[in-house]
Amino acid sequence: RGAEQLVKHLNIYFERIISIIEEHGGDVLKFAGDALLCIFDTKLGQKTQCPQANSEEVKTALRVQTLKALRCAEALHEIPANLRTVNEITLQLHIGIGAGKLRFVFVGGMQQRWEYLITDCQKSGGPIQQMGTAEGSAEPGETAIHVTAAEYVSEELIKPVPIFNRSNQKEKTLVVAYRVHKLKKDSNQKPERAPPIVLDDNSVYLIDNFVPGAIKGRLN
């Protein structure tokens, strides 16, 4: 009975999390246990190939999307406690944010099974690595933004708290991320929900090959 209640509450909680991400223009890419990975896409597509470009267009786009991610994180931490409480235990998020260029890779093909991978365009310091560093630095109920991503939105952060490198004693004075407790309020800044995706029959068939068998069985 306890396990059933936990699954029920987690489903309700994750449903609200996904809804907030979508309301702020984000897209959930991956689930891993009780964690998820989401992206706020610049929509620049093939206009800026790897390695990372430093044009003003790219910087502006990354600033806009990084700010969206931060405002989304604010909203996620404000999910009512009644949706986060399971058997008197209150669930809390800790969030890590990075910014930069990603590469999407499709692998597989055996027995009509496919998987997509998300990788950084650069060997080190890419957004996934940034996110991992920031997330690992955030305590429950906190948002941390990697120092690289913070450069895009520095003017929007109010008294960010520096987080120092805890994994390397030789670099323990190096700031790797910032705890974000408050953002400047922008009355003109309204969440922009990502447009719905319309799928035809052929698209549904193609996507079906990416759905794990255990999930597909439940959907059917």
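Lys159 is located in the loop between helix H4 (147-150) and strand S9 (161-164); helices (H or I, at least four residues) and strands (E, at least two) are DSSP runs numbered from the N terminus. The structure is a predicted model, in which local features need pLDDT of at least 70 and side-chain atom pairs count only at pLDDT 80 or more, while totals for chains, interfaces and linings use all residues. Residues are numbered from 1 along each chain as its sequence is written, and side-chain values use heavy atoms, with hydrogens and water left out.

**Loop residues with positive phi**

- Phi of Lys159 is near 50 degrees, a positive value in a residue other than glycine.
- Lys159 is exposed, with a relative accessible area of 74%; exposed means over 50% relative accessible area, buried under 20%, and partly exposed in between (1.4 Å probe, protein chains only).
- Lys43, in the loop between S2 and helix H2 (56-77), also has a positive phi, of about 65 degrees, although it is not a glycine.
- With 65% relative accessibility, Lys43 counts as exposed.
- As background, most residues other than glycine have a negative phi.

**The S1-S2 hairpin**

- Strand S1 (residues 27-32) pairs with strand S2 (residues 35-39) in the antiparallel sense over five bridges; two strands pair if DSSP finds at least two bridges between them.
- Two residues separate S1 and S2 in this hairpin, and Gly33 in the turn has a positive phi of about 65 degrees.
- Ala32 stands opposite Ala35 in S2.

- An open sheet of four strands has the order S5-S8-S10-S9, with mixed pairing.
- S5 and S9 stand at the edges, each with a single partner strand, so one side of each is left without a neighbour in the sheet.
- From one strand to the next, the twist averages 30 degrees; axes are lines fitted to C-alpha atoms, for helices over the stretch in contact, and angles run from 0 to 180 degrees between N-to-C directions.
- S9 and strand S10 (residues 175-180) pair in the antiparallel sense over four bridges, and Val161 stands opposite Arg179 in S10.
- H2 packs on the sheet, touching S5, strand S8 (143-146) and S10, and its direction makes about 175 degrees with that of S5; contact means heavy atoms within 4.5 Å.
- H3 lies across S5, S8, S9 and S10, running at about 145 degrees to S5.
- In helix H3 (residues 127-137), Pro127, Gln130, Ala134 and Ser137 are buried.
- Viewed down the axis of H3, its buried residues fall within an arc of 90 degrees, so they line one face of the helix; the arc is that of the directions from the helix axis to the C-beta atoms.

**Nonpolar cores**

- The largest nonpolar core has 30 residues, of which Ile17, Leu70, Leu76, Ile145, Val153 and Leu157 touch the most other members; such a core is a set of buried Ala, Val, Leu, Ile, Met, Phe, Trp, Tyr and Cys residues joined through side-chain atoms within 4.5 Å.
- The largest share of this core, 10 residues, comes from H2.
- Leu76 touches Ile17, Ile20, Leu93 and Ile95, not counting residues up to four places away in sequence.
- A second, separate core of six residues includes Ala134, Ala138, Ala144 and Ile163.

**Cysteines**

- The count of disulfides is zero, a disulfide being a pair of cysteine sulfur atoms within 2.5 Å.
- Cys38 is in no disulfide, and the nearest cysteine sulfur, that of Cys72, is 6.0 Å away.
- Cys38 counts as partly exposed at 28% relative accessibility, whereas Cys72 counts as buried at 2%.
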